[in-house]
Amino acid sequence: LRELEASQRTLLAEHEERIHLLEMERRRLHNDIQELRGNIRVFCRVRPLLPEERERQRGLPHLHFPPQDARSLVLTRPDDSQLGRERRPELRYDFSFDRVFPPAASQQEIFQEIQQFPNPVPSRRWPGPCAHSQIPFPVGTDWVSAPCAHSQIPFLVSPGRYGFSASFLEIYNEGLRDLLLAKGQRGSELEIRRLAPDSDELHVPNLTWVPVESEEQRSVARTGLNERSSRSHSVFQLRIQGLHAARDLRCASSLTLVDLAGSERLEKSGSVGSRLRETQSINSSLSALGLVISALCNKEPHIPYRNSKLTFLLQNCLGGHAK
């Protein structure tokens, strides 16, 4: 019986090692597939008309969704040129994205396109040291994708071996605000720092990290475009840390949800004074984000992360193996 027990222990250890190696290979292949599809993907979702908009116009006749191409969107408008050339019935503008969702698309359809992104977060079987840093999920002002993204986590991890913590902050006029402070509590000044002089990983010292139970807070102000227009970018991060005691391995991943403030044209928003400064700050940071994503897509040697607090904070979410 002792000999049988010893042989079974040896066999079990061999199987565990094989499972470990296969899991590492699965992660590598999954990462390769995601990178081939694109670490950065741009989706276009056309929202349904609001009730007051349906009263003013009949449908969306200027938007066309080619039935055989889920990646294209066509905009048309009447040709009102006064240059004397022959007028065409309409002007046509063709746009291409990684995926286009028409107004009738459901939340489930949209999340289906991104549900593979959280997969690099530690899976049920221990995968070894994580090769992935952070997975950003840009979402709308209603945080519609957040519940879907969170719902993936319980299926991907096992309790007991992993620890979860979360932070929630906003970027308002190029300043960082901790949204998890207790009411009336005054927080320390927040700055983005490197973990170590020789490290590329960034963190925010003095930022509150708590279990994932928080209430959204936003800086809002009335403008000519939207009476509850968001005046800040908010960033929620779920940090997952794992420990495999037998192998003395540690693993860390992060899921990042970003709610970006919308850009506004100054002449249309009617912003003045402090509202004007907010609008300029929002537009500047969104422009910086566009430049960073463009530089990453073009594989440029220099990525201008430091052009705004938004891109600097999200540097680990956008570069490297991040999705």
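Phenylalanine 168 and phenylalanine 236 are both buried, meaning under 20% relative accessible area with a 1.4 Å probe and protein chains only (exposed is over 50%, partly exposed in between). The model is a predicted one, where local features need pLDDT of at least 70, side-chain atom pairs count only at pLDDT 80 or more, and totals for chains, interfaces and linings use all residues. Residues are numbered from 1 along each chain as its sequence is written, and side-chain values use heavy atoms, with hydrogens and water left out.

Now for the rings. Two aromatic pairs turn up in the structure; to pair, rings of Phe, Tyr and Trp (its six-membered ring) need centres within 6.5 Å, and planes under 30 degrees apart are stacked, over 60 edge-to-face, the rest tilted. Phenylalanine 43 and phenylalanine 101 form an edge-to-face pair, because their ring planes stand at 80 degrees, with the centres 5.9 Å apart. Phenylalanine 43 belongs to strand β1 (residues 43–45) and phenylalanine 101 to strand β5 (residues 99–101), so this pair links parts of the chain 58 residues apart. Strands here are DSSP runs of E, at least two residues, numbered from the N terminus. Phenylalanine 43 is partly exposed at 27% relative accessible area, whereas phenylalanine 101 is buried at 2%. The rings of phenylalanine 168 and phenylalanine 236 have centres 6.2 Å apart and planes at 75 degrees, which makes this pair edge-to-face too. With phenylalanine 168 in strand β7 (residues 162–172) and phenylalanine 236 in strand β13 (residues 233–244), the pair ties together parts 68 residues apart in sequence.

A charge also meets a ring: the charged end of arginine 239 sits over the ring of tryptophan 209, 3.7 Å from its centre (the cut-offs are NZ of Lys or CZ of Arg within 6 Å of the ring centre and within 35 degrees of the ring normal).

Notes:
Helix = DSSP H or I, 4+ residues; strand = E, 2+ residues; numbered from the N terminus.
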